[in-house]
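Please work through the questions below with the sequence and the model at hand.

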Amino acid sequence: MVKKFQRKAQEARLGYFMVSPAVLCILLLAIYPLFSTFWYSMFSFRLQMINARKFVWFGNYVSLAGDIRFWAALKNTLVFTGVSVAGELLLGLMIALLINREYTGRGLVRAAVLVPWAIPTIVSAQMWKFIYHDQLGVLNDILYRLGIINNYKSWLGTAENAMGAAIFTDVWKTTPFMALILLAGLQTIPIQLYEAAKVDGAGKLRQFWNITLPLLKSTMLVALVFRTMAAFRVFDLIYVLTGGGPANSTEVISLYAYKTIFRNLDFGMGSTMSVAIFLFVAVISIFYIQLLNTENVEG
Amino acid sequence: MYRLKKLLVLLLVFVMGTGMLAGCGGQQKASTPAQSGQNADESKKEETKKEEPKQEQVTLVYTYGGTDPGGNTKEIMKRFMEKYPNIKVELQALPNSTDDQHNAYVTALSSKDDSFDVFSGDIIWPPEFASAGWIMDLDNRFPQSEREKFLQGPIKGCTVNGKIYAVPWFTDSGVLYYRTDIIQTPPKTWDELIQMAKANKDKAKYGFVFQGNQYEGLVCDALEYIWNNGGEILNGENVVINSPEAIEGLQIFVNIVKSGIAPEGVTTYQEEDARNVFQEGNAIFMRNWPYAYTLGNKDDSKIKGKIGVAPLPVGPKGTKGGGTLGGWNIMINANTKHPEEAWKLAEFMTSYEMQVVNNVMGGSLPTRKDVYNNEEVKKVNPWVPQFLPAFEASKPRPVSPFYTAMSDSMQINFHKAITGEITAQKAIENVEKDMKDIIAKGK
């Protein structure tokens, strides 16, 4: 008994020893920055006045709550996230259904669909910036030649157009990701279910509503978790495409936090924003995890 | 069996452990090349000492923004290395946009990066960089007698709390470009400009191009409308932007964007976008910096020899058509390992001869007054001397360590005004409030 206990303790110690490098890495790379950001957010701390660092408790959070620009940025972020993720889900589902069917050249289509996803965001953002350019852009050129517009439009120069252009670019870029995950989900659905439904006289639409959608739900949720969180933290796309303009209508919270820290050198306020972003993302992921859990229980 | 398992585990631990040790050893080894490199350097030094009792070989890294389209930076570095054979200069290019460069320098300098020694910095940076302790104090190296040979605007921009932190390299000021084949006498007022553009609608696709994107350049353009209508921004620490003159000035800018003489996409234009349109022959007027003149007269330009330059027009309450003072200055990284050599480079780059090279090859405006009378400069850029008074009258943007925060507010509110989101008056009021907050917070 004693020996067994000793053995257990020994094994536990060995276990701790074995995982310690991984734990250390997580502490160093995730927990430490998180806490130091939180710590900075309690200070009035600007690089131009490095000696005037002052502990202000939650003062930064109070001023952030009263900052109109922050709420505007949050609204922009939510619009961007909501519309682009919804669009990606819809298009992704359609593409997944299409490339799940049997036809010649399917492999080629599958590979082609993946191309936008394979291009780094910063590159595709720059590419689309050229496409949208009012004088040199190919979009204006095509529309003009087709006679749809009679003078060159400014796709990134007005508030209404710019957000739409940014969302379109994001949808173009990440729909393949959605399609790929949904395709994987589609392939797990047993073909017998469809055969049985056919025998019972269910049409294609009925099969989709009663078999495909319910069985695809948990895959969809997983894809949505990834995409929502990534879209919420969008930075590079907006930074390159519009820089937050026009009239600050595309400034998202990551961009605002970045400008506060790196342009204005206000580390206290910038850290406060980073913590706020962290909290928002945490809430979103908790919401999705909850949804997934109930899904699994039901399933 | 149990013993065997234990033995196996022990063996595994041993293997892993040595693996980790090896890892550590590897790291140690990885850190040695620098040391051995130093040793090698030292031994090399000793060798060179024997052969050539002169100086040790030093490598400086010079960072600058843009692509050096005129090749002037490379030429200057070549001549520097010819003059100082013991100093090698490596060039490191950064993006064109001043905001991007600012971010790059902030990241590097705040972490005490010493991978670059000398860099060219925007005229708006010295207060910020000096108060953060990132750039070298040049007060002892750059004597008063020498400073007097420079234009006073840039010198003021490089001076923080009575000490100088940068050497003015070239100056910039917004000017009006016009097509000499279409316009005989350049407009004196903004109203005249609008009328001329409308009257010559059939001669070019657009009337007027400028910088309307939401970025630093927009602030430069907008301030010119405010100043040239008698408005002011800061008076010492007092925010005086909310005046009828300033509001009217900004309103003129808004009217020009709305008047249809500018392309619809002008609210996304930076310097190069405007230059492309103008150089393709698609615009009658352009507001830009002096660099566009030399490039516009190159062989690949469609309007070569048809470019006129004039001071910017004024508003109804304005008297003088001054431009925003821009310009770049040579700064030295406070963490440089070679302060002496770095100063030599700064001194060389800003010398009389090199400013001539910089003007002739790159079209940049000298900061030394004498260079404006140089024969070679007069021959290549005949318009330069004639504008010395205008450049002397150009105005600096608000001088403050918190300028970027002020600029942020101006960029957003001015852009909201020109895209019709808010009125000019509201924009000015917002900027006034933000600037007051920024100044109060900085005390």
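Q: Which residue just after α13(B) takes a positive phi?
A: This is a predicted model, and helix α13 of chain B covers residues 352–362. Just after this helix, the phi of one residue is positive, at about 75°. That residue is B:Gly363.

Q: Is helix α13 of chain B largely enclosed or largely open?
A: A residue counts as buried when its relative accessible area is under 20%. Among the buried residues of α13(B) are B:Met354, B:Val357, B:Asn358 and B:Gly362. Eight of the 11 residues of α13(B) are buried, so the helix is largely enclosed.

Q: What is the strand order of the open sheet of six strands in chain B?
A: The pairing in this sheet is mixed. Its edge strands, β2 (87–94) and β14 (365–366) of chain B, each pair on one side only. Read across the sheet in chain B, the order is β2-β1-β3-β13-β6-β14.

Q: How many bridges join strand β3 to strand β13 of chain B?
A: Strands of a sheet pair through backbone hydrogen bonds, either parallel or antiparallel. Here β3 (residues 118–122) and β13 (residues 325–332) of chain B run antiparallel. The number of bridges between the two strands is five.

Q: What angle does the direction of helix α3 of chain B make with that of β3(B)?
A: Helix α3 (residues 98–110) of chain B packs on the sheet. The strands touched by this helix are β1 (58–65), β2, β3 and β13 of chain B. Its direction and that of β3(B) make an angle of about 135°.

Q: Which strands does α13(B) touch where it packs on the sheet?
A: The direction of α13(B) makes about 30° with that of β6(B). The strands touched by α13(B) are β6 (167–173) and β14 of chain B.

Q: What percentage of the residues in chain B are buried?
A: Chain B has 443 residues, and its secondary structure comes to 18 helices and 14 strands. Of the contacts in chain B with a separation of 6 or more, 74% are between residues 24 or more positions apart. The buried share of the residues in chain B is 53%.

Q: Which element gives the largest share of the lining of the second largest pocket?
A: The second largest pocket holds about 1,300 Å³ of space and is lined by 41 residues. Elements that give two or more residues to this lining include α3 (68–100) and α13 (267–298) of chain A and α17 (403–418) of chain B. The largest share is seven residues, and it comes from α18(B).

Q: How many residues in the lining of the second largest pocket are charged?
A: Among the residues nearest the centre of this pocket are A:Asp67, A:Arg69 and B:Asp434. The lining has 14 nonpolar and 13 polar residues. The number of charged residues is 14.

Q: Where is A:Pro246 found?
A: The peptide bond from A:Gly245 to A:Pro246 is cis, with omega near -15°. A:Asn248, with a positive phi near 60°, lies in the loop between α11 and α12 of chain A. A:Pro246 is found in the loop between α11 (236–241) and α12 of chain A.

Q: Is A:Leu265 buried or exposed?
A: A:Leu265 is found in the loop between α12 and α13 of chain A. Its phi is positive, about 60°, although it is not a glycine. The relative accessibility of A:Leu265 is 0%, so this residue counts as buried.

Notes:
Residues numbered from 1 in each chain as written. Chains lettered and ligands numbered in written order. Predicted model: local features only at pLDDT ≥ 70, side-chain atom pairs only at ≥ 80, totals over all residues. Heavy atoms only, no water. Buried < 20%, exposed > 50% of the residue type's maximum accessible area, 1.4 Å probe, protein only. Helix = DSSP H or I, 4+ residues; strand = E, 2+ residues; numbered from the N terminus. Pairing = 2+ DSSP bridges. Contact = heavy atoms within 4.5 Å. Axes fitted to C-alpha atoms, helices over the stretch in contact; angles between N-to-C directions. 1 Å grid on protein atoms, 1.4 Å probe; cavity = no way out; pocket = protein on both sides within 12 Å on 5 of 7 lines; lining within 4 Å. Points joined across faces, edges and corners; volume = space filled by probe spheres on them. Nonpolar A, V, L, I, M, F, W, Y, C, P; charged D, E, K, R; others polar.
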